[in-house]
Amino acid sequence: MANHIIGTQQDMEQWMKKSFGADSRLYTKGIIAQLQPSFISCNFENSSLTLEFSAEQWAANPEGILHGGILVTAFDTTFGALCHYYAKQNMINTVEISTSFLKPVPLNCKYQITAKANHVGRTITSMTAEAYLTETNVLLATASTTFIKLHKEFSYQLP
């Protein structure tokens, strides 16, 4: 982890709670609004974030389980939220994302994704994550990603 990150556990929690609030523009439009991520926890010292999602009928594949692309989108959403904490007002972009699917995600259940920032640089952030069924703690999938912080700011104010 980069040692240039300044903040506290309380700062991180407040930022995340505000980001996922009802009036946040980050998570109220498009596919992220449909996913309806819920903030569960974050850990400043470990550079991690946990969000919870529901596997709903609209996100089913033809086999009646969660579509793999939706799970990747949930990983990308969790990674993006954690990366935004460090990039603040700067826009970010996913450079690459890799996912390993270990177990099917049944519909009508909740699953949690915990992402960890392994490196936060001035431009590049590398992260890993795991997805678990909330009720049974069964490992569903793992993912890794690289994000880039762009030299362009959002047109609206982030938390």
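This is a predicted model: local features need pLDDT of at least 70, side-chain atom pairs count only at pLDDT 80 or more; totals for chains, interfaces and linings use all residues.
Trainee: Is Ser48 buried or exposed?

Mentor: Ser48 counts as buried, because its relative accessibility is 13% and the cut-off for buried is under 20%.

Trainee: And what is Ser48 in contact with, leaving aside its neighbours within four places in sequence?

Mentor: With those neighbours left out, the residues in contact with Ser48 are Met12, Cys42, Asn43, Leu82, Thr114, Ala115 and Lys116.

Trainee: Let's move to the sheet, then. What is the order of its strands?

Mentor: The sheet is open and has six strands, which run in the order S1-S2-S4-S5-S6-S3 with antiparallel pairing. Its edge strands are S1 (38–43) and S3 (90–101), each of which pairs on one side only. On average, and with direction ignored, neighbouring strands of this sheet are turned by 25° against each other.

Trainee: How many bridges do S4 and S5 pair over?

Mentor: S4 and S5 pair over nine bridges, in the antiparallel sense, and Thr114 has Glu130 in S5 as its bridge partner.

Trainee: Which helices pack on the sheet?

Mentor: Helix H1, residues 9–19, packs on the sheet and touches S1 and S2, with its direction at about 165° to that of S1. Helix H3, residues 68–87, also packs on the sheet, where it touches S2, S3, S4, S5 and S6, and its direction makes about 140° with that of S3.

Trainee: What about the largest nonpolar core, which residues there touch the most other members?

Mentor: That core has 44 residues, and those touching the most other members are Met16, Leu71, Phe75, Leu82, Tyr111 and Ile113. Two or more residues come from each of H1, helix H2 (30–35), S1, S2, H3, S4, S5 and S6, and H3 gives the most, with 11 residues.

Trainee: Changing topic, how many aromatic pairs are there?

Mentor: The count comes to four aromatic pairs. One of them is Phe53 with Tyr111, whose ring centres are 5.6 Å apart and whose planes are at 20°, so the pair is stacked. Phe53 lies in strand S2 and Tyr111 in strand S4 (residues 109–120), so this pair links distant parts of the chain, 58 residues apart. Phe53 and Tyr111 are buried.

Trainee: Why is the pair of Tyr85 and Tyr86 edge-to-face?

Mentor: The planes of Tyr85 and Tyr86 are at 75°, with the ring centres 5.1 Å apart, so the pair is edge-to-face, given that planes over 60 degrees apart count that way.

Trainee: What sits over the ring of Tyr85?

Mentor: The charged end of Lys88 sits over that ring, 3.5 Å from the centre of the Tyr85 ring.

Trainee: One last thing, where is Thr136?

Mentor: Thr136 is in the loop between strand S5 (124–133) and strand S6 (139–153). With a relative accessible area of 49%, Thr136 is partly exposed, because exposed requires over 50%.

Trainee: And how far apart are Thr136 and Thr8 in space?

Mentor: From C-alpha to C-alpha they are 31 Å apart, while in sequence Thr136 and Thr8 are 128 residues apart.

Conventions:
Residues are numbered from 1 along each chain as its sequence is written. Side-chain values use heavy atoms; hydrogens and water are left out. Helices (H or I, at least four residues) and strands (E, at least two) are DSSP runs, numbered from the N terminus. Buried means under 20% relative accessible area, exposed over 50%, partly exposed in between (1.4 Å probe, protein chains only). Contact means heavy atoms within 4.5 Å. Rings of Phe, Tyr and Trp (its six-membered ring) pair if their centres lie within 6.5 Å; planes under 30 degrees apart count as stacked, over 60 as edge-to-face and the rest as tilted. A charge sits over a ring if NZ of Lys or CZ of Arg is within 6 Å of the ring centre and within 35 degrees of the ring normal. Two strands pair if DSSP finds at least two bridges between them. Axes are lines fitted to C-alpha atoms, for helices over the stretch in contact, and angles run from 0 to 180 degrees between N-to-C directions. A nonpolar core is a set of buried Ala, Val, Leu, Ile, Met, Phe, Trp, Tyr and Cys residues joined through side-chain atoms within 4.5 Å.
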